Amino acid sequence: MGRIVGKIISGAGVALLFLVIALCLAITIVPPFLDRIYYQGPVSRHFDGAHFFNPDGEIEFSPPPGSNRQSFAVRWLLGTDERPPWPDAVAVKPSRPAPFAAPRGMTATWVGHATVLVQAAGLNILTDPVWSDYASPLPPFGPRRVAQPGIRFEDLPKIDLVVVSHNHYDHLDIPTLKRLWERDRPKIITSLGNDTILKREGIPAVALDWGQSISGAALNGLGSDTVIQCENYEHCPDYRVHVIRNHHWSSRWGTDRNRALWSSFVIATRAGNIFFAGDTGAGDMAWPEEAARLGPIRLAMIPIGAFRFWPGQMESDSHIGPQRAVSVFEKLGASTAIPIHWGTFRLSFERWSTPPRMLELYLRCAGIDRARFAPLRVGQSIAVPRYSAVERSRGRCDQRAIAALE
């Protein structure tokens, strides 16, 4: 009898999984009512009047060699794509950050995935904050967090500024943003169209186009030319947020593809410039130089994971891997970088440890000191050194070690 009940339960589970997959596929091809208009504005170099696009070439979703897109999608959803194993859970020792950094100090704590707490010149900044257990519109289906947040939400200091790069669920997490807004009333900056998604949830946000910027004074209701004097620097609004081009795409439901813009950011503070890449592919690789023109970058946050969808793949159109991440670091002229977008949510084919191991090998190829772009443990904090130019030694490439990770 128990065996029969077990078979019934197992069969029901499989049927439910197939139903969810069918719904996900249907969302992308059938109901136009799931489309959303998040932004209306003039045509531009990256907006055709209805959808945003990458002026340096559109995103192509190439299936693995010998496969087609539909069969690959089903195998990926079912977990039958022979992906390397991942741990069910990763041990995390959460940090308890100080209330804020010193006037010229800068501290960064990796919370996980693309979420970093940066404390600079008295400001507390969060990038793409995600505290949810699932990066999915239909939890508990979808990517599940294997590493708990590196800071417990209740241990977060008062947050002054939040930047949201785009609307994918592993970057724009409504439950987390609601909690932050209700607790701290932070200033939230994003790119065009994403503010509509947030405002529908009662979360005010300021949306900017590529190349636009806004000062902390303006965000706090002061004149844009106001001279800010902060004697103790605590939560001082003396900063400027620049929205910068990168190379990605957006969607919450499939049919609303590219209705909202994606971006990276440069945050200029008295402690130095901070660069957050968001989520990006390589594109024309000119966008890091656009960020660098705003001034020396003391800290950069650059993605290194979710780049592989079949063995040997080194990047996808929408995600850079470690090799390109090193190139981005060089083009930025950054002093220190933190690798992000790996080891928290399983989004692709690589092993859990492949991105940081491969990053170290490519840093050696470029002759860059590992300490300049060292992986952090989830929950680890670093005191970001003052800006200094990166000295390069003679590069040594271990192609055999790189090939072993392919």
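This is a predicted model: local features need pLDDT of at least 70, side-chain atom pairs count only at pLDDT 80 or more; totals for chains, interfaces and linings use all residues.
Q: What makes C230 and C236 a disulfide?
A: A disulfide requires cysteine sulfur atoms within 2.5 Å. The S to S distance of C230 and C236 is 2.1 Å, so the pair meets the definition.

Q: Why is the disulfide of C230 and C236 given its handedness?
A: The torsion about its S-S bond is about 80 degrees, and the disulfide is therefore right-handed. Both of its cysteines, C230 and C236, are buried.

Q: How do you know that C365 and C397 form a disulfide?
A: Their sulfur atoms are 1.9 Å apart, and the cut-off is 2.5 Å, so this pair also qualifies. The torsion about the S-S bond of C365 and C397 is about 135 degrees, so this disulfide is right-handed. The bond links distant parts of the chain, with C365 in helix α8 (residues 354-366) and C397 in the loop between β13 (381-383) and α9 (399-404), 32 residues apart.

Q: Why is C397 called partly exposed?
A: The relative accessible area of C397 is 42%. Partly exposed covers the range between the buried limit of 20% and the exposed limit of 50%, so the term applies.

Q: How many disulfides does the rule give, and what is the pairing?
A: The count is two disulfides. With the bonded cysteines numbered in sequence order, the pairing is 1-2, 3-4.

Q: Why does T269 count as buried?
A: T269 has 11% relative accessibility. Buried means under 20%, so T269 is buried. T269 belongs to strand β9 (residues 264-269). Leaving aside neighbours within four places in sequence, its contacts are M106, A120, L123, D238, Y239 and I274.

Q: What makes β6 and β13 edge strands?
A: In the open sheet of seven strands, the order is β6-β5-β4-β3-β2-β1-β13, with mixed pairing. The strands β6 (206-208) and β13 each pair on one side only. Neighbouring strands of this sheet are turned by 20 degrees against each other on average, direction ignored.

Terms used: Residues are numbered from 1 along each chain as its sequence is written. Side-chain values use heavy atoms; hydrogens and water are left out. Buried means under 20% relative accessible area, exposed over 50%, partly exposed in between (1.4 Å probe, protein chains only). Helices (H or I, at least four residues) and strands (E, at least two) are DSSP runs, numbered from the N terminus. Contact means heavy atoms within 4.5 Å. Two strands pair if DSSP finds at least two bridges between them. Axes are lines fitted to C-alpha atoms, for helices over the stretch in contact, and angles run from 0 to 180 degrees between N-to-C directions.
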